[in-house]
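Dear colleague,

Please find below the structure that I am handing over to you. My findings follow directly after it.

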Amino acid sequence: MVSIALLTVSDTRNTKNDESGNYLLQEAEKSGHNIFDKIICKDDIYLIRKYISDWISDPNIDVIITTGGTGITARDVTPEAIRPLLDKEIDGFGETFRFLSFKKIGTSTLQSRCIAGSANGKFLFVLPGSKDAVMTGWQDIISYQLNENTKPCNLINLIDKLKK
């Protein structure tokens with residue numbers, strides 16, 4: 001199993017009403033993963049980059065998952081904060097997420113700018129802020145890719161190869 005850091009990006013969430021972040025925490029722990037850290041931060045590009053950069057450089061973290069800030073309003077800056085920190089982007093994540101979301105919310109899914117990638121031997125997943133979107137991302141994609149039993153391939157089996 002892996003060590004995960006969770007970041008909720010929101011100007012309005014706190015530890016009590018952070019449904020998406022709390023959902024990820026519970027589901028990751030249920031899957032046997034270790035939650036290394038969980039932080040809520042404002043929609044501020046530099047604050048987001050600070051937390052993500054600190055985690056990218058921490059050897060105790062394998063996976064970083066964010067929720068929030070992926071829309072198209074002026075305050076939605078999570079992809080802009082994280083994209084420059086990535087070594088490689090995993091294009092298929094956003095494509096798969098929007099395909100799955102389309103079945104639930106139709107063309108409204110085009111407003112989601114979720115991304116994923118790798119940086120310094122870690123995987124990063126940038127999810128929207130709604131609990132339904134986070135559930136889609138976790139249940140239909142991330143939980144499988146963080147499970148070494150998922151065949152024909154999964155991201156867990158690639159972690160060591162990211163560092164070489």
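The model is predicted, so local features need pLDDT of at least 70 and side-chain atom pairs count only at pLDDT 80 or more, while totals for chains, interfaces and linings use all residues. Residues are numbered from 1 along each chain as its sequence is written, and side-chain values use heavy atoms, with hydrogens and water left out.

The sheet

Helices (H or I, at least four residues) and strands (E, at least two) are DSSP runs, numbered from the N terminus. Two strands are said to pair if DSSP finds at least two bridges between them. On that basis, 6 strands form an open sheet with mixed pairing, in the order β2-β1-β3-β6-β5-β4. Its edge strands are β2 and β4 (88-89), each of which pairs on one side only. Strands of a sheet pair through backbone hydrogen bonds, either parallel or antiparallel.

β3 and β6 run parallel and are joined by 5 bridges; Ile65 stands opposite Phe125 in β6. β5 and β6 pair in the antiparallel sense, also over 5 bridges, and here Ala116 stands opposite Phe125. β4 and β5 are antiparallel too, with 2 bridges between them; the bridge partner of Lys88 is Ser118 in β5.

For burial, I use relative accessible area with a 1.4 Å probe and protein chains only: buried is under 20%, exposed is over 50%, and partly exposed is in between. Because 5 of the 5 residues of β5 are buried, this strand is largely enclosed by the rest of the structure. Ile115, Gly117 and Ala119 point one way from β5, whereas Ala116 and Ser118 point the other way.

Helix α1

The expected span of a helix is 1.5 Å times one less than its number of residues. For the 12 residues of α1 this gives 16 Å, which agrees with the 16 Å between its end C-alpha atoms. The buried residues of α1 are Ser20, Gly21, Tyr23, Leu24, Glu27 and Ala28. They cover an arc of only 155° around the axis, which puts them on the same side of α1; the arc is that of the directions from the helix axis to the C-beta atoms. On the other side, Glu19 and Lys30 are exposed. An α-helix has 3.6 residues a turn, so residues three or four places apart point the same way. The buried residues of α1 pack against β1, β2 (34-41), β3 (63-67), β6 (122-127) and α5 (131-145), where contact means heavy atoms within 4.5 Å. Just after α1, Gly32 takes a positive phi of about 95°.

Helices α4 and α5

Angles run from 0 to 180 degrees between N-to-C directions, with axes fitted as lines to C-alpha atoms, for helices over the stretch in contact. Helix α4 (residues 91-105) lies across β4, β5 (115-119) and β6, at about 30° to β6. α5 lies across β3 and β6 and runs at about 140° to β6.

With 15 residues, α4 should span 21 Å, and its end C-alpha atoms are 21 Å apart, which agrees. Phe93, Gly94, Phe97, Leu100 and Ser101 are buried in α4. They cover an arc of only 135° around the axis, which puts them on the same side of α4. Glu95, Phe99 and Lys103 are exposed on the other side. The buried residues of α4 pack against β5, β6 and α5.

Asp18

Asp18 is found in the loop between β1 (3-9) and α1 (19-30). Asp18 counts as buried because its relative accessibility is 1%. A polar contact is a pair of N or O atoms within 3.5 Å; within protein, one must be able to donate a hydrogen and the other to accept it, and residues adjacent in sequence count only if both atoms are side-chain atoms. The side chain of Asp18 makes such contacts with the side chains of Thr8, at 2.8 Å, and Lys38, at 2.7 Å. Leaving aside neighbours within four places in sequence, Asp18 is in contact with Thr8, Arg13, Lys38 and Ile40.

Backbone details

Most residues other than glycine have a negative phi, and most peptide bonds are trans. Asn120, in the loop between β5 and β6, has a positive phi near 50°. Those strands form a hairpin with 2 residues between them. Asn120 counts as partly exposed, at 46% relative accessibility. The peptide bond from Lys151 to Pro152 is cis, with omega near 15°. Pro152 is placed in the loop between α5 and α6 (159-162).

With kind regards
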